[in-house]
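Thank you for making time for this short talk. Please look at the sequence and the structure first, and then I will go through a few places one by one.

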Amino acid sequence: MFGWPCCSAARVAAPGDTLHVGSKRFTESYVLGEVLTQAAAPHAKVEHLQGMGNTAIVLAALQAGRIDVYPEYLGTIDLEILKHAQAAPLEQIRRELAAMGLGVAVPLGFNNTYALAVRGGADGPTKLSELAALPALRFGLSHEFIGRADGWPGLSKRYGLPQRPEGLDHGIAYEALMQRQVDVIDIYSTDAKIRQYGLRVLDDDRAYFPRYDAMLLYRLDAPARFPAAWKAIAQLEGRISATDMIAMNAAAEIDGQSFANVARGWLAAHMPQAGTAAVPASAPVRDGLLAKIFDKNLWPLTRQHLTLVLAAVLLACVVGIPLGVLAAEFPRLRQVVLGLTGVLQTVPSLALLALLIPLLGMIGTVPALAALVVYALLPIVRNTCTGLLQVPAGLRLAAQALGLRPMQRLVHIELPLALPVILAGVKTAAVMSVGTATIAAFIGAGGYGERITIGLALNDNDMLLAGAIPAALLALLTQAAFELLERLASRAPSQRV
């Protein structure tokens, strides 16, 4: 019933092809992504693009071919992706997904439904319907839950809830609840911290939430491209119980095991035929800050981060310097150019990414790079314009008297004199880009932001710092390098004179 359609006519992957597995930005998705990756690894080259973002971003990656498969939940596919007002039959879901080039298969064996939870204790609500009579309760809900069709909008309508929720990242919601900063949070029923913190899960007494059976959402051509790997993945069907999933989540969030080790341990215990090596029975202690900073991923993440920053600043210079020249030479256009680049600077980074993904039809490096270029434009355009306007009028007249054409004056006189001011703008753009580039991880473009997203998912401050500290050091090094260039540039014009 749940097997994928026969697609023998589709092409088989070339020897160098890679099966790309995606995952969302929360613990369970990271772990399941690793389970899929390790199950398929003996049979194909596999890459796990972890923590790519919310449903919309991961779905866009799947449709664009950036990933081939990722763990999803049937209720999310039904109500959020296909926008059904109520639960639809599986065959209807399959037909509609097929029109999108996608399929759903391999039910993993557990239902991870949404729920709301409060602090445990003798007092307080026990059912969702009781919340309507408690308007003073503070709701801290994940941003995705607030916006999705099967989340807060429908829930508040079904139960007549008057509260206005605040957006709160799922990774820090439990601590905020226990510190009494909020009173109600949204949870997944397989979250390990429910038991750890002794929370009360409120009864969905009006049956609002559908079943969220964990399954695989995949590109229809993937099974035929990677037949051996898909056969191995198919063996996961029905093998992961809710108890298993809670234990794996706890191993990552509470015991501090890596996602890879958690997946390897489960596969070794439940699917030894997968060929994974057993892990030690005792859970390792959580690595310290230095170990997380200087792990094996430091150089790859640094390379990704540097590539994004350098490419973004270079492209911003290619676009921004001519715009700055235009603004300086034509006073009527000055306010338009500076105003437009200023407005682009105010667009929130994640909102800009959300706009660029459908516009460019992809996720990853390209939309991240486009966003970084947009944010780098303002200081470059503004400083280029300011530097040219500060060139003494006498020098302009002297150059004109010598018979230099406008382009010659610009290239040989004005731009060299304005260079120190222009470089100051490029320096500002570069330092800003080092920090802003951490958003690239939210759409699968890598960089230090990968550690930050994992730290948010696990509420792991050391992992957050392992991403933030290298980014800060890179920003300081970038600033120092540009200050040296500014000193050299400031000497050049005087030496020529």
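**Starting from one tyrosine**

I begin with Tyr 114, which counts as buried at 5% relative accessibility, where buried means under 20% relative accessible area, exposed means over 50% and partly exposed lies in between, with a 1.4 Å probe and protein chains only. Before I go further, please keep in mind that this is a predicted model, in which local features need pLDDT of at least 70 and side-chain atom pairs count only at pLDDT 80 or more, while totals for chains, interfaces and linings use all residues. Residues are numbered from 1 along each chain as its sequence is written, and side-chain values use heavy atoms, with hydrogens and water left out.

Which residue forms an aromatic pair with Tyr 114 that is edge-to-face? It is Tyr 212, at 5.7 Å centre to centre and with 85° between the planes. For this, rings of Phe, Tyr and Trp (its six-membered ring) pair if their centres lie within 6.5 Å, and planes under 30 degrees apart count as stacked, over 60 as edge-to-face and the rest as tilted. The pair links distant parts of the chain, 98 residues apart, with Tyr 114 in strand S5 (residues 114-118) and Tyr 212 in the loop between strand S9 (200-201) and strand S10 (214-219). Helices (H or I, at least four residues) and strands (E, at least two) are DSSP runs, numbered from the N terminus. Tyr 212 is buried as well, with a relative accessible area of 1%.

By the ring rule the count comes to 11 aromatic pairs, and ring pairs link Phe 26, Tyr 114, Phe 145, Tyr 188, Tyr 208, Phe 209 and Tyr 212 into a cluster.

Tyr 212 also leads us to Thr 76, which touches Tyr 212 together with Lys 24, Thr 55, Ile 81, Arg 148 and Asp 150, not counting residues up to four places away in sequence; contact here means heavy atoms within 4.5 Å. Thr 76 is found in helix H3 (residues 74-81) and is buried, with a relative accessible area of 2%.

Next, a pair of helices. Two packed helices are described by the angle between their axes and the distance between the axes. The axes of helix H11 (residues 242-253) and helix H12 (residues 259-270) come within 9 Å and cross at roughly 145°, where axes are lines fitted to C-alpha atoms, for helices over the stretch in contact, and angles run from 0 to 180 degrees between N-to-C directions. On the H11 side the contact is made by Asp 244, Met 248, Ala 251 and Ala 252, and on the H12 side by Phe 259, Val 262, Trp 266 and His 270.

How many disulfides does a search of the whole structure find? The search finds 0, a disulfide being a pair of cysteine sulfur atoms within 2.5 Å. Cys 317 is in no disulfide, and the nearest cysteine sulfur, that of Cys 385, is 16 Å away. Both cysteines are buried, Cys 317 with a relative accessible area of 16% and Cys 385 at 3%.

Finally, the whole chain has 21 helices and 10 strands, and buried residues make up 50% of its 497 residues. The C-alpha atoms fill a box of roughly 85 × 60 × 45 Å, taken along the principal axes.
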